[in-house]
Amino acid sequence: MSRSSDGLKQRMTDYWTRRAAEFGALRLKEFRSAKHELWMRELRRFIPEGKGLRILDLGTGTGFFSFLLAAEGHQVTGIDMTPDMIAEAKETSRILGVFPEFFVMDAEKPEFPPESFDVLVTRNLTWSLPHLREAYKAWHQLLKPGGMLINFDGDYCREKEPEKLPANHAHKKIKTEMMAEYQQFKEELKAGQKPRPQWDEELLKNAGFTEIQNDPGVWRRIYGEEDEFYNPTPIFLLTARA
């Protein structure tokens, strides 16, 4: 890993440390909203119910996907590089009475034995990884043969400024200097990325994944309503098998 990418990761960790509390509050609110079932509809398309699968939530943040899936009876582990995010996840776990495992860990280099998981899930993470090629290779090794990767993300480094947002949108309270910092992250990362998700499909194939599918329709299914959780950047859903 280069010194420059180390520095970028530390800056991003510092950024998310400052946002952890309000981010956690929003995700808890989302968990208790109608979005809960919308997300579960997407996840249930690929994750069988009631089988107690071993699932790793990469870049869990404050644990949103981890709580959704643990509440369904799966054995879920969530990892994130920002300690304050994991602290918020553990507090939310206490509030909800749902108890995934949470660890501070770099999603590019998860510290688990090969073939530890049946499913890997991630939301809005892969755009921010300086070494996505290597991450996909590492993730492939973590999956049991036939295991599934479920990746919700967007081409955030190429996203356009939205023409309008809901009055109570999620970024309303973020300070101007923090938004400028976020824009700087995207500019630095963009230099090492090709347009997505086409690039991801190439990387996944090279990492050994098969049955690679791209579903751009997920954005409309999840964000059909412009509420406080609305994401103006069209997200995609990538699935692939080990």
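Arg-158 is partly exposed, with a relative accessible area of 28%. Its salt-bridge partner is Asp-155, and the N to O distance between the two side chains is 3.4 Å. In this predicted model, the structure holds 23 salt bridges. The points below describe several of them.

**Arg-158 and Asp-155**
- Asp-155 has a relative accessible area of 14% and is therefore buried, since buried means under 20%.
- Arg-158, at 28%, lies above that cut-off and is therefore classed as partly exposed, the class between 20% and 50%.

**Lys-9 and Glu-108**
- A salt bridge joins the side chains of Lys-9 and Glu-108, with an N to O distance of 2.6 Å.
- Lys-9 belongs to helix H1 (residues 3-31), while Glu-108 sits in the loop between strand E3 (101-104) and strand E4 (117-123), so this pair ties together parts that are 99 residues apart in sequence.
- Lys-9 and Glu-108 are both buried.

**Asp-153 and Arg-196**
- The side chains of Asp-153 and Arg-196 form a salt bridge at 2.8 Å, N to O.
- Asp-153 is part of strand E5 (residues 143-154), and Arg-196 is in the loop between helix H6 (176-190) and helix H7 (198-207), so the pair connects parts that are 43 residues apart in sequence.
- Asp-153 and Arg-196 are each buried.

**A network of charged side chains**
- Salt bridges also link Glu-42, Arg-45, Asp-215 and Arg-221 in a network.

Note on methods:
Residues numbered from 1 in each chain as written. Predicted model: local features only at pLDDT ≥ 70, side-chain atom pairs only at ≥ 80, totals over all residues. Heavy atoms only, no water. Salt bridge = Lys/Arg side-chain N within 4 Å of Asp/Glu carboxyl O. Helix = DSSP H or I, 4+ residues; strand = E, 2+ residues; numbered from the N terminus. Buried < 20%, exposed > 50% of the residue type's maximum accessible area, 1.4 Å probe, protein only.
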